[in-house]
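Hi,

Here is the structure I said I would pass on. Have a look at it first, and my notes on the packing and the cavities follow below.

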Amino acid sequence: MSPGLWAPARDIAPGAEAVLQSGLWLGQPAVLKIRAPKGYRHPELDERIRASRVRAEARALRDARLAGVRTPAILDLDEPSGAIVLERIDGPTVRAAYDGMPDGDRARIARALGAALGRLHAAGLVHGDPTTSNFIVERLPREGEPLVAVIDMSMGGRAEGVEERGVDLRLLYEAFGSTHHLHADEFDLVLEGYSAACPGLADESIARMDAIAARGRYQARGPAAAGGGGPGGAAGEGVDDVDDDGDDDGDEGEDEDEDEDGEGS
């Protein structure tokens, strides 16, 4: 990263894989994301891994932005140090704002959330970690469409087919239901927005999301599985736990979610 161009203000969210810092880049509000070195890895291997991951995230953000998805602009990239400087998008995360909204605003944001993911999928991309912490309510006018921005695509990239889209939707479904359990039934509105944004892909993606619920990591383990059923059914007693961020408890996400005030990138 070019020295002297970054003026730090404060740390936002230290995570297992990266540290987020708010500040100014050439006077513009920005976020610096640095992937922390891992002492247990050989230094040369660690540098290659961090460079590869920051390069992949930058590529995913660029491709999404070129497809018309609102994502933070990339201001600078330093692969050897695993650092990326991103435009700062102000506003609360959907996770922080959703439950406190009036009914009408929640409905609009739910559809906008689904539409944001749908535009990604229509462009041949997946998010990889589509929790409501990774979507920012950038604009919510009294009338007209809200603007929901997509952030943290460190686990995203090109999708090879319907399976990846189905997994993305399933992760969002689990995260939405656990984080916003009082309004879990409003996920139907998310799917409305999703279907409107990618009409040619929505039906098969949603069908795959439902199929994923009945197998693999979402399926009951042990003798109960032989009885059939899916999550919430008789065979669902052994369903794997999924945490609030939509990841399996046993999986390590690349980065921690941004803070609840939406000071993400």
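Bear in mind that this is a predicted model. I started with the largest nonpolar core, which has 38 residues, and in it Val94 and Leu120 touch the most other members. Helix H3 (residues 103-122) supplies the largest share of this core, with eight residues.

If you want to look around Val94, leave out residues up to four places away in sequence: what remains in contact is Ile109, Leu113, Thr132, Phe135, Val137, Val148 and His180.

Next, helix H6. This one covers residues 202-212, and its buried residues are Ala202, Ser205, Ile206, Met209 and Ile212. Looking down the axis of H6, you'll find the buried residues within an arc of 120°, so they line one face of the helix. What do the buried residues of H6 pack against? Their partners are helix H4 (162-179) and helix H5 (187-197).

Then the cavities. By class that comes to five charged residues, two nonpolar and no polar ones. Helix H1 (residues 43-66) gives the most to this lining, namely three residues.

Cheers

Key
Residues are numbered from 1 along each chain as its sequence is written. This is a predicted model: local features need pLDDT of at least 70, side-chain atom pairs count only at pLDDT 80 or more; totals for chains, interfaces and linings use all residues. Side-chain values use heavy atoms; hydrogens and water are left out. Helices (H or I, at least four residues) and strands (E, at least two) are DSSP runs, numbered from the N terminus. Ala, Val, Leu, Ile, Met, Phe, Trp, Tyr, Cys and Pro count as nonpolar, Asp, Glu, Lys and Arg as charged, and the others, Gly among them, as polar. A nonpolar core is a set of buried Ala, Val, Leu, Ile, Met, Phe, Trp, Tyr and Cys residues joined through side-chain atoms within 4.5 Å. Buried means under 20% relative accessible area, exposed over 50%, partly exposed in between (1.4 Å probe, protein chains only). Contact means heavy atoms within 4.5 Å. The arc is that of the directions from the helix axis to the C-beta atoms.
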